[in-house]
Amino acid sequence: DSRYIPAEIEEKWQKTWTEQGLDKTPKNSNKPKFYALSMFPYPSGSLHMGHVRNYTITDVIARLKRMQGYRVLHPMGWDAFGLPAENAAIDRGVPPAKWTYQNIAQMRQQLQRLGLSIDWDREIATCSPDYYKWTQWIFLQFLQAGLAYQKEAAVNWDPVDQTVLANEQVIDGRSWRSGAIVERKLLRQWFFKITDYAEELLNDLDKLTGWPERVKLMQANWIGKSTGAYLEFAIVGSDEKIGVYTTRPDTVYGVSYLVLAPEHPLTQRVTTKEQKAAVEAFIKEVTNQSELERTAEDKPKRGIPTGGKAINPFTGEEVPIWIADYVLYEYGTGAVMGVPAHDARDFKFANNYNLPIEFVIVEPEAVADVDFQQEEPPLIMIDYDSAYTESGILINSGPFSGMNSTDAKQAIVKFAEEQGFGKLRVQYRLRDWLISRQRYWGTPIPVIHCPNCGIVPVPDKDLPVQLPEEVEFTGRGGSPLTQLESWVNVPCPTCGTPAKRETDTMDTFIDSSWYFLRFTDAKNEQQVFDSSKTNDLMPVDQYVGGIEHAILHLLYSRFFTKVLRDRGLLNFDEPFQRLLTQGMVQGLTYVNPNKSDKDKWVAFNLVDPADPRDPKTGEPLQLVYATMSKSKGNGVAPEEVIAKYGVDTARMFILFKAPPEKDLEWDEADVEGQFRFLNRVWRLVTDYITAGVSRENANSDLTKSEKDLRRAIHTAIKAVSEDVEDEYQFNTAVSELMKLSNALTDANCKDSPIYAEGIQTLVVLLAPFAPHIAEELWHLMGKSDSVHTQTWPAFDDAALVADEITLVIQVMGKTRGAIQVPAQADKAALERYARESEVAQRHIEGKEIKKVIVVPGKLVNFVVG
Ligand code: ANZ
Ligand code: ZN
């Protein structure tokens, strides 16, 4: 009599599966393909529970689809460039490559212990030259297409260490290393022109029927399309004009000032002599602030008058020109018409600086009695104590008075167009993507700057531009690449003149914007990928990952796909057919309710559970569930759970505890529960094997208990198949497996071939969820092939129909008992069965039946007198 000991079977089967190549992606064939992909990890050094959940979900899908007859691609790789490796080098002197590859080795081992059916032949690491060679090649495709360009942009500058800082290295406005107050500095940077694709990126969201609505909404908001007007105001005493972008041209009669962004090129032009010094000081101060500081809702809006004036083309009135921090240079035209009466921000600004506030839009009720048709439209005096930001009826707006906002917008734009001072304009919030980083551990941008030829792409034959290893990491004086003369100085590939390599590397989001394409042809040394392979296996049928990537990673990947399609490399528009954003894994943790959000967490092991108190202050603590994290000290280590219960139990718990997109509360008791369930299955199957009953006598007339069991089997097949399809309700699928296991335990026909069918079905249905125990039991049953190569079972509709139902017998509305009757019996037959039943006769005895109420499928009620 054997016991279920996970440690004895799990590693054994993992080895066997690898040897048998069960996880390999089959060659192109008549079978349909299925591409299951988890978002690839950053090699931080160790797996956490969030990883385990992510990869388990994808693995169940991959295993299931294999059994359903698909050619499955289920790969894994490493998003391996990035700041932590470089910080490790600065802090501890470990070369970034060494640090990264050590972490990869460790995490690969941990992943393999999870029994994931991954095609490891296709493993990629974005930091490996045979990967980044193609990242560089793609960059050059963008350059050729006119989608990569350089321009000046502000960066975080550490004046002490003389180096550019990433946003993550700026903590409360100071450098993470030197502690110096971070400055903003303009540097030439590389950009990708994602704005060229804004409209398509927005429209194609409609094609993504397998994406969560909220992710699509986040993307749409990020792209931020708005339709408005471009209007020009002439500068008094000059031929130049200031163009503004507005979504409310209907408010143009209420303009009381214009505002320029501090970076606007016309600021000098409009500033009067008297204001010059003050304006310059103001600009200097503002340009040192981050965009976040400038636009934060709670920050007071600050500005300064330039002394210049502009003319409202609709009224001919002169309005003052101001400069203010809340106007962003990169959005619209970098200039705004200020309408304090109808914009909350402008209202505050006007109040601060005593600028006039003129209401030109009102609620329809306010002007219900006004006759706007008269020759001279009436002047209406209205004063509210806050901005009126809704649409309404125009007043004091010349010929447009009396119109509603919608009509007025159109009429005003049309008029501006006819007069030549404006037009309709569509505007996107999305900006071009700043892709250059002044860092070492990233893909080098493959261009050379030549004094004669300008920007020269590194020729394909010279790719990859390798990251040199003989560099020093001090954290000072800029990227280590800039200091390596032997690397920087090269002859121009075109004219041979001494030239300099670009020393910037690429944003790591670029590496992850195309890795899913490389998986389709991961080892290709001649090409980025063979398009016929990529077009065959793409798009990804199911992508699984965290909601934190809902915007940038997904948007950039969609952008890359469209660009490479337009370069003739791909024949599809969207990379990810379906997207599942899995919920967080939460652990129990103590919090001090009196402390602020950041400081309230107290690590579990510092607290006495009998009397939970803050070790520092003695205050009583509360126990809550919160997302597992290092800083909270509430993580559960995957290795420990696996050592104690095995991988199959960990998987079953993760799948059973919550639907994949919901948060999951880690609960040891429920883990135990799943361990016990697998033990029950183990006993059920091993008892069946040891009983050794011959179940040959295939009797065509099934007994009632055989029929009941057969119904339970086919109900389970149907329910599990439906649960795992599309919505991936693995939690209910696991419950169905438990029901089937109970039905088998309770069955009264353990010597029947139906029982054998039931045991076999249970093991096959269990295979995607708990792959090791299923394989072991399959082999104990004497099978020589793998359970994972079995065909997913189909259910028999006929078997689902119950042929008997339970009919409740009532007398005078009181339930007296129940009988079994044929399921097809009609009303008359039901009444007959009920009258003849022993229950009815006993309770009616001697009385007269006055009325019989039959509820088909449920009950018969006798009214007696
Ligand atoms: C006048 C006006 C009157 C405005 C009114 C609003 C309400 P969205 O919808 O986000 O596109 N704006 C334009 N460019 C700006 C910039 N560079 N920095 C800061 N604000 C800017 O918003 C467009 C509105 O935001 C524009 O419409 C403009 O203010 C402001 F009753 O123009 B509006
Ligand atoms: Zn040259």
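How many nonpolar, polar and charged residues are in the shell around ligand 1?

Modeller: Happy to, and keep in mind that this is a predicted model. By class, the shell around ligand 1 holds 8 nonpolar, 5 polar and 4 charged residues. Altogether 17 residues surround the ligand, and the closest are Thr-246, Leu-328, Tyr-331, His-342 and Arg-429.

Now for the polar contacts. Leu-328, one of those closest residues, uses its backbone here: a polar backbone atom of Leu-328 sits 2.7 Å from a nitrogen atom of ligand 1. Arg-345 brings in its side chain instead, with an N or O atom 3.2 Å from a nitrogen atom of ligand 1. Then there's Ser-226, where a polar side-chain atom lies 2.9 Å from an oxygen atom of the ligand. As for how covered the ligand is, ligand 1 taken alone exposes 650 Å², and the protein buries 86% of that. If you want to find the shell by secondary structure, the elements giving two or more residues to it are β11 (241-246) and β15 (335-338).

One more spot to look at is Lys-630, where UniProt, in an unreviewed entry, places the feature "binding site". You'll find Lys-630 in the loop between β30 (622-627) and α18 (638-645). Is Lys-630 buried or exposed? Its relative accessible area is 84%, and exposed means over 50%, so Lys-630 counts as exposed.

Terms used:
Residues are numbered from 1 along each chain as its sequence is written. Chains are lettered from A and ligands numbered from 1 in the order in which they are written. This is a predicted model: local features need pLDDT of at least 70, side-chain atom pairs count only at pLDDT 80 or more; totals for chains, interfaces and linings use all residues. Side-chain values use heavy atoms; hydrogens and water are left out. A residue is near a molecule or strand if one of its heavy atoms lies within 4 Å of it. A polar contact is a pair of N or O atoms within 3.5 Å; within protein, one must be able to donate a hydrogen and the other to accept it, and residues adjacent in sequence count only if both atoms are side-chain atoms. Accessible areas come from the Shrake-Rupley method with a 1.4 Å probe; for residues, only the protein chains shown count as cover. Helices (H or I, at least four residues) and strands (E, at least two) are DSSP runs, numbered from the N terminus. Ala, Val, Leu, Ile, Met, Phe, Trp, Tyr, Cys and Pro count as nonpolar, Asp, Glu, Lys and Arg as charged, and the others, Gly among them, as polar. UniProt positions are given in the numbering used here, feature names are shortened, and annotations may be inferred rather than shown by experiment. Buried means under 20% relative accessible area, exposed over 50%, partly exposed in between (1.4 Å probe, protein chains only).
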